[in-house]
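Trainee: I would like to read this model slowly, one part at a time. Please start from a single aromatic side chain, then connect it to the surroundings and to the helix packing elsewhere.

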Amino acid sequence: MADRDPQGTFQAVEAATGEAIDPSFSQSTAQDVDAACAKAAGAFDSYRAIEPDKRAAFLEAIGDEIMALGDELLERAGRETGLPAARLTGERGRTVGQLKLFAKTVRDGHWQSVRIDPAMPEREPMPRSDLRMRMVPLGPVAVFGASNFPLAFSTAGGDTASALAAGCPVVVKGHPAHPGTDEMVAGAIAEAARKTGMPDGVFGHVRGTGNELGAALVKDPRIAAVGFTGSRAGGLALVAVAQQREVPIPVYAEMSSINPVVLMPHALKQRGAELGAAFVQSLTMGAGQFCTNPGLVLAIEGEGLDAFESAASEALAGHDPQPMLTGGIRKAFSQGTAKLAGHDGVTELAAGVAGDGIAREAARLFSASAEAFLGDPALGAEVFGASSLVVHCKDAGELRKVLESLEGQLTATLQMDDADTDAVRPLIPVLERKAGRILANGWPTGVEVATAMVHGGPYPATSDSRTTSVGTLAIDRFLRPVCYQNLPLTLLPETLRDGTKLPKMVDGEPA
């Protein structure tokens, strides 16, 4: 949580101690937002016209500049977030890796979705015009840094990488919880832009602790889309602002998810204790501060579930908590777990070691009957942190009823053995309606950056279930189709001219 003073500056706060960290950072103003958006709009046409190789080189250069910051970046991020060095080292690698992946995507050209339907002047009863289509960038994009991933989902994270890959200038609002990290990465992007000859304004950066700054950014008429990762309240507030503009724009918000884990009967019977221990490892990773944290477990009552809960309780009881990201997140976690503990239909199964210091909270595990869960929608609310609820179902029908009652999710996980296959099969359509990613015999924490990855899902997991914020399909959020009908070949974009080497469809067939 940032420490703000009345002089228009603020400081980061050390996650583990609550003490302010030097230096102070100036608060951006409405004038700063206006200037950044004006520069982004001025850069748009020239940036979108840059040949793919040069745009890809820019993305790769950003990764190089981030790596050049060395351990100083990791040390600053560690102080501001409380995340351990090993986690931040891996996150830096992921950040650089996704920049390289989007550079490859830009070069291969599939994202342009070229389609050509040649003229058919002799067709009866009516001739067909020459029709050619490609995807073009939307325009300047506003990106909001996330609290829980200071590198991979923040200033140079997936939203920024995919928007720049699409040909859109980006204006980032850095997260106020880690302004020093944000400042260093913003400088790396600016240096990469300078070294690769990108137009002035291709990247802009504003910072501050108030909600007014973010609202001003989304309201700016030059902003064409928004990328956001954070709370449901924050995401919906930005959606409301975007929809109230004279020209509404899309907000791609990743918001809340409890990521149900379904323990199928045969798997539970054969390895209930093993699953309980592994579940706790996933639950407590990063103090549970993942959008894919397994906040809900569903299973049919029996000895297997008893073994799962016993092993999970034992593992959790010995877990020593790490600092949470901010005081606000810690407070919300404490309030959420207190509501569960005080609920008449909920039993607390286990708690981790009590934390010392202001930022550490014990992990918590609760249980409830399916009847209680179905009777109170509040039991399905996200508690951001290492807290989970095990729902006891009487039979397969009740388990399915609980699944049907859930909101949209980022993930749904099946722990199953071969003998569970027939029982799982009718659940797949339900899970497809509820989640963007369905896992078997794994745990939801951890998202691979790959071409087939989907990190999105039905509301409220995301504001637009058709999209993903991770993987190469993330580029599609910042593109739109344009069709060119009967334009002279000399006026057509080179990507649509005869003989283009880009991947394409001609007359509906791959060519």
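Mentor: Phe478 is buried, with a relative accessible area of 0% (buried means under 20%, exposed over 50%, partly exposed in between, with a 1.4 Å probe and protein chains only). The model is predicted, so local features need pLDDT of at least 70 and side-chain atom pairs count only at pLDDT 80 or more, while totals for chains, interfaces and linings use all residues. Residues are numbered from 1 along each chain as its sequence is written, and side-chain values use heavy atoms, with hydrogens and water left out.

Now the partner of that ring. The whole structure holds eight aromatic pairs (ring centres of Phe, Tyr or the six-membered ring of Trp within 6.5 Å; planes under 30 degrees apart are stacked, over 60 edge-to-face, the rest tilted). One of them joins Tyr252 to Phe478 edge-to-face, at 5.8 Å centre to centre and with 85° between the planes. Tyr252 belongs to strand β10 (residues 251-254), whereas Phe478 sits in the loop between β17 (435-440) and β18 (479-485), so the pair links parts of the chain 226 residues apart (helices, H or I of at least four residues, and strands, E of at least two, are DSSP runs numbered from the N terminus). Tyr252 is buried as well, because its relative accessible area is 13%. Elsewhere, Phe149, Phe153 and Phe290 form one aromatic cluster.

Thr495 lies between β18 and β19 (504-506) and counts as buried because its relative accessible area is 17%. Beyond its neighbours up to four places away in sequence, Thr495 touches Gln112, Val114, Arg134, Thr500 and Leu502 (contact means heavy atoms within 4.5 Å).

Next, the helices. The axes of α3 (residues 71-81) and α6 (residues 179-195) come within 8 Å and cross at roughly 150° (axes are lines fitted to C-alpha atoms, for helices over the stretch in contact, with angles from 0 to 180 degrees between N-to-C directions). That angle makes α3 roughly antiparallel to α6 (under 35 degrees is roughly parallel, over 145 roughly antiparallel, 65 to 115 roughly perpendicular, the rest oblique). On the α3 side the contact uses Glu72, Leu73, Arg76, Ala77 and Glu80; on the α6 side, Pro179, Gly180, Thr181, Met184 and Val185.

Within α3, the buried residues are Leu73, Leu74, Arg76, Ala77, Gly78, Glu80 and Thr81. Their packing partners are β2 (9-13), β3 (20-26), α2 (52-68), α4 (85-108) and α6.

Last, a residue in helix α10 (residues 303-317): Ala311. Ala311 is buried because its relative accessible area is 15%. Leaving out residues up to four places away in sequence, Ala311 touches Ala273, Gly276 and Ala277. Thr95 is 216 residues from Ala311 in sequence and 35 Å from Ala311 in space, C-alpha to C-alpha.
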